[in-house]
Amino acid sequence: MSLSFLERGLLLLVMLIFLEGTVLTLGAASSPDISAQDNTGGGHDRRDDHRGIAGSHEQTNYTYTKKAFPVLSLDYHHIQVPFEISLWVLLASLMKLGFHLIPRLSGIVPESCLLIVVGLLVGGLIKLAGEEVPPVLDSNLFFLCLLPPIILDAGYFLPIRPFMENIGTILMFAVVGTLWNAFFVGGLLYAVCQIEGTYLSQVELLPCLLFGSIISAVDPVAVLAVFEEIHINELLHILVFGESLLNDAVTVVLYHLFEEYSGAGEVTPMDVVLGVICFLIVSLGGIAVGAIYGILAAFTSRFTSHTRVIEPLFVFVYSYMAYLSAEMFHLSGIMALIACGAVMRPYVEANISHKSHTTVKYFLKMWSSVSETLIFIFLGVATVAGPHAWNWTFVSVTVILCLVSRVIGVVGLTFIINKFRIVKLTTKDQFIVAYGGLRGAIAFSLGYLLNKDHFPMRTMFLTAIITEIFFTVFVQGMTIKPLVDLLAVKKKQEAKRSINEEIHTQFLDHLLTGIEDICGHYGHHHWKDKLNRFNKKYIKKCLIAGERYKEPQLIAFYHKMEFKQAIELVESGGGVKLPSAMPSQVSMQNIQPKKLPPAVAERALPQFTKGREEEIRKILRSNLQKTRQRLRSYNRHTLVADPFEDGWNDFLLKKQRMIELEKKMSNYLTVPAAPPDSPTMCRARLASDPNAFYNIKASSEGVPTIQVDLASPQSPDSVNMLNEFSKRGAKDQGLGQREVATRDEDQGLMMKPSSAGKEEKGEEEGGNKNPGLMRCLSDPGPSNEDEEDEPFLP
Amino acid sequence: MHIVIKLFGVPLSCPITNSMNIWFSCFLFIIVTPAHIVRLYDRFEALDKEKTGHLRPQDFGAINRLAMNPIGDRIIGAFFSPGQETVDFHSFVRILAHFRPADKKHPKDPSMPEPVNSRTSKLKFAFQLYDQDKDGKISRAELLQVLRSMLEMQVTEEQLESIADRTIQEADLDNDDAISFEEFRKSLEKVNIDHKMSIRFLR
C-alpha cells in the first residue's frame, strides 16, 4: 500500500513481461482455445516416456543411454493452455483491483477505457517481445464463453416491472431504430464509396449494408459498463439497456441475410419477406427456448431441498444450455438467455435457500465482471494484433454517419413514440438515449467472423469497426458523465421502498384495475391482473416447493424488511431486555439504533421486579444445564452447519418474538438498551452455547404457513407474563400456549430433542414453515441491490 | 331526446335524458375529449340495464371482475356522493376524469381551480377510498380493513396488526397514530402517481 500507483504499475508490468516472455518463448504462441499444438521438438524425454510416444530417435535414445533419474523437470506444454487462460484472467482481475485503488482516475475515466488501454499495452508488449500476438478475440471464444455470463447476469437481475412498462418503446428503438441505422449507414456509405477519388468503388452495396448492420447495433456490454458508473435514472437505463439486448435478433437476421446474399449480389423482395419471417422466428423462437429452459429450471429447483449444495448449478447450467440451444438453431441466444433468467427467477428464488441465492448472485456478478474485463482487454490486444487497412474516407464517414443516424433515429422515433406514452420522453432523455448508443465487442466479433474470401475488404471493415468502438467508448463514454451532470438529468433514486409505498402501490393497482373494469377497457392493468391470477392459481403450485406458493407478496416484503431491521438492531445494540411489568413510556420514531445516544437507552431500560428476575434466572439456568453436544459426521455433500449462525438465527428469532410481545403489550417499541458487552462478546457467548436457545416450535395445523407471531413461549413463566399483559385477552391463545409449554416440558423445555431423526424433522419442519426466517438471516452483508426488493409481478 | 353536437365538423349525437344534462355535457368537454365521452356513454348505457339514466350500486355489482377485486365495493362507493342513491352520467364521467393523464403542456394557472386530474386530486381520490369515515385521517382500524381485504385471509390477525403498526409508524409524522392526507402524500412522493393512476384511453 505504500507504493504509489506508478511503482505498482511498473512492478506489475515487469512481472507480466517476464511471465509473458517466458511463457511465449517456451513454446509457439497458441490462442487460448483448445487447439494445443503438438510440439515434437520439445525434447523432454521424460514427457515422451510418460506418454509412451515412440519416436524413432527417442526410442534409440531410450535404449542406449541411461540418464540420471530426473528429480525435477520443467514441463510447460503440459499445462500451457490452462495456464495462459488463468494468466489472462489474473491479469484482468489485477487490473480491476488496481483501478479502484486510484479513486481519482476511476472517477474521470470509465473502466472500459482503462481496460482497453491496458489491452493495448499488453498487445504492444507482446509485439515488442517479438512474438506474434495471439488472436484472443476469437469469435467462438467470445460468443460461447465471454458473452453468456454478462447476458445472464443482466437477464436474471432484469427489473421486470420497468422493462414491461416500457416494452413498446424499447421494441421500437430496438427493431425500427436498428433497421433505420443499418440502412442509413450502409446506404450512404455505398453512395460515398461510389464517389470518384476514394478508390473504394469495389465495395458493393450488399457488403456495405452488411457493414451497416454490424455497426449499427448498440452493444449491451459497453452500455452496461458505462451506464453502471453514471447512475442514471431507471427509465433511461432500462430504455438503452433493453434496446441493446433486444436488437440482437435484428442484428442476427440482417447479418445472416446480407452475408448469404453478398455472394449472389442481389436481394429479391422474396428474400426480404423471408427475412421478416426469419426475424419473427429468431426472436420469438429465442424467447420460447429460453422460457422452456426457465420453466425446467424452476421445476427442478422445486426438488432440491435435500441437496442444497448444487442448487446454484442448476441455474447456471440450464441458462447456458438455453443459450447454446438457441445458438444451435441460429436463433437469438441473447434473447433466450434473458427469457430464461427472467422466467425462472421468481420461482427459483422461492425455492432455493438463502445461501444458494447469495451464491447465484455473487457468482453471476463475478463471472460477468471478469468477462467484461477480459472483453475490453482483448479488444485492446486485438487492435494491436491487426491486420489493419486504414482508409481515411471510409473510417471517418463511418464514424460521422453512425452519430448522425443515431440522433436522427432517436429523435424521429421519439416523436412517434411520445404520441403513445403517458410519461413523455423529454429532449434531455432523447439526448441521453442517442448519446448512450455505444458500440462494443459484439460488432468486432461479428466482423471478425466474416469470411476473408467472400469479403476482401474485411480488414478495412475491421479497422472501421474498431475505430467506431474506440470513438464511442472513449469519447462518448468519457463525456457522458459530465454531460449528465451538466444537463441535470435525473439520477437513480437510492432509497429503498418503504412498506407504505408497497401497500399503497398495491392498493392503487387494485383501484386502477377496478376502474378499468368499470370503463370496460381492457388495459394494461387488466392484463397484468389476469396474468397475476393465472400465475397464482396454476403456475406457482407447480413450480414452487412446499407451502410457500401461498405466501402473499406483501407479507414476504414485510418480513424481509423486519428481519433486515432485526439484524441491524442486533448488530448495533445487542439485546432487547425481557419485558417488564409496566409498559415502556418511550416510543421510537425511526428505528435507527446506531444513532441513539446512550443516555436515551439507559432511561428506557425497563426495571425488573425482584421476583421476575428470579424467574428469569431460573429459566436460563435450567435450560443451560441441558445443553447437548451434537457431533456431526463430516460429509462433503452436506453444508456444514455453522454453530455461530444457528445460534444467531435462534437469537434473532427470540428477539423478534420479544419485539412482538412488546408491541402487544404497550403499542410502543422499546429502545434497545446498550449492552454491557460489545456485540462480539454476545456473539462469542452465543457461539459457545448454540443449544441454549429456543427452537422454533412447529405450530399446529389450522395456522397458516408463515408464523411470526408468538409461537411457543418458553416456559410456564412466560405464559404467565403473556396472560398478564395481553391486552386483547387472548385467553384461548394463552391456553394453547400453555399446553404447548407443558408438552415441551416433558421433552425437556425446548431443547433439541434426543433423537437425531426427530430433530431433523423438527428442524426441517421449522425450516419449511419459516423459510423466510431462515433465508433472511444468513447473509447480513449489506447489498445495495434493490432488485431483490422489487416484487416480480406486484 | 337527442342533442346533436358538431365537433370539428363531425356531428356527434348524444342521447340526453335530462335537460340539465345538456348544460353539464358541455362542461364535460373540458374534462374529457369528445370521442371518449361517446365511449363512456355507451358504457354507461350498457351498465344501466333498466334505462333510467342513473346507475345504482347493483348495476356496478353486475360487473363480474369488479366483484373479484378486493377493494371493489370501495370503488363503487366512491362513485356515489354521501346520501345519494344514484349516479348520473355527469358524475360518472367526473369521477373517471380523475384518471386522465395529466396535461403537462398547459402552464398552471393559479386562479383556476385545481384540475381534476392533477396529482393532488388523484391522491385525494385514493385517500378518500382509504378514509371511509371521512374524518381526514386514515386510522389504524381503516388501514387494517384495507389490509385485510387485500390480503384475502391468508395471514393471521397478528401479522396484519404488526404490518399496520409498522405502516403507521413509518408514515406518521405528527404522532397522532393516524395518517393524514399530507403524510399520505409524503409517503408516496417517490412514486410516479401521474403514470400510475392514469388510464390511457381517457386522454
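I'll start with B:I76, which sits in helix α5 (residues 72–79) of chain B. Helices here are DSSP runs of H or I with at least four residues, strands are E runs of at least two, and both are numbered from the N terminus. The model is a predicted one, in which local features need pLDDT of at least 70, side-chain atom pairs count only at pLDDT 80 or more, and totals for chains, interfaces and linings use all residues. Residues are numbered from 1 along each chain as its sequence is written, chains are lettered from A and ligands numbered from 1 in the order in which they are written, and side-chain values use heavy atoms, leaving out hydrogens and water.

Back to the residue. Is B:I76 buried or exposed? B:I76 counts as buried because its relative accessibility is 13%. Buried means under 20% relative accessible area, exposed means over 50%, and partly exposed is in between, with a 1.4 Å probe and protein chains only. Leaving out residues up to four places away in sequence, B:I76 touches B:P57, B:F60, B:G61 and B:L66. Contact here means heavy atoms within 4.5 Å. B:R56 is 20 residues from B:I76 in sequence, and their C-alpha atoms are 9.4 Å apart in space.

Next, a pair of helices in chain A. Two packed helices are described by the angle between their axes and the distance between the axes. The axes of α7 (residues 139–156) and α14 (residues 311–328) of chain A come within 10 Å and cross at roughly 115 degrees. Axes are lines fitted to C-alpha atoms, for helices over the stretch in contact, and angles run from 0 to 180 degrees between N-to-C directions. On the α7(A) side, the residues in the contact include A:F143, A:L147 and A:Y156. On the α14(A) side, they include A:F316, A:Y320 and A:L324.

Helix α18 (residues 427–435) of chain A has buried residues, among them A:D429, A:I432 and A:Y435. The cover over the buried residues of α18(A) includes α9 (167–194), α12 (234–264) and α17 of chain A.

That brings in α17. Helix α17 (residues 392–417) of chain A gives the most to a nonpolar patch, with four residues. The patch is on the surface and is formed by A:W180, A:I400, A:L403, A:V404 and A:I408, with about 410 Å² of accessible area together. Patches are made of residues with over 30% relative accessible area and no salt bridge; like charges are joined within 9 Å, and nonpolar side chains (Val, Leu, Ile, Met, Phe, Trp, Tyr) within 5 Å. Accessible areas come from the Shrake-Rupley method with a 1.4 Å probe, and for residues only the protein chains shown count as cover. A:L403 is in helix α17 of chain A, and A:L403 counts as partly exposed because its relative accessibility is 33%.

Last, the charges. In one of them, A:R308 pairs with A:E311, and the closest N and O atoms are 2.8 Å apart. A:R308 counts as partly exposed at 24% relative accessibility, whereas A:E311 counts as buried at 2%.

In chain B, B:R140 forms a salt bridge with B:E161, with the closest N and O atoms 3.2 Å apart. This pair links distant parts of the chain, 21 residues apart: B:R140 is in helix α8 (residues 140–151) and B:E161 is in helix α9 (residues 157–171) of chain B.

Terms used
A salt bridge is a side-chain nitrogen of Lys or Arg within 4 Å of a carboxyl oxygen of Asp or Glu.
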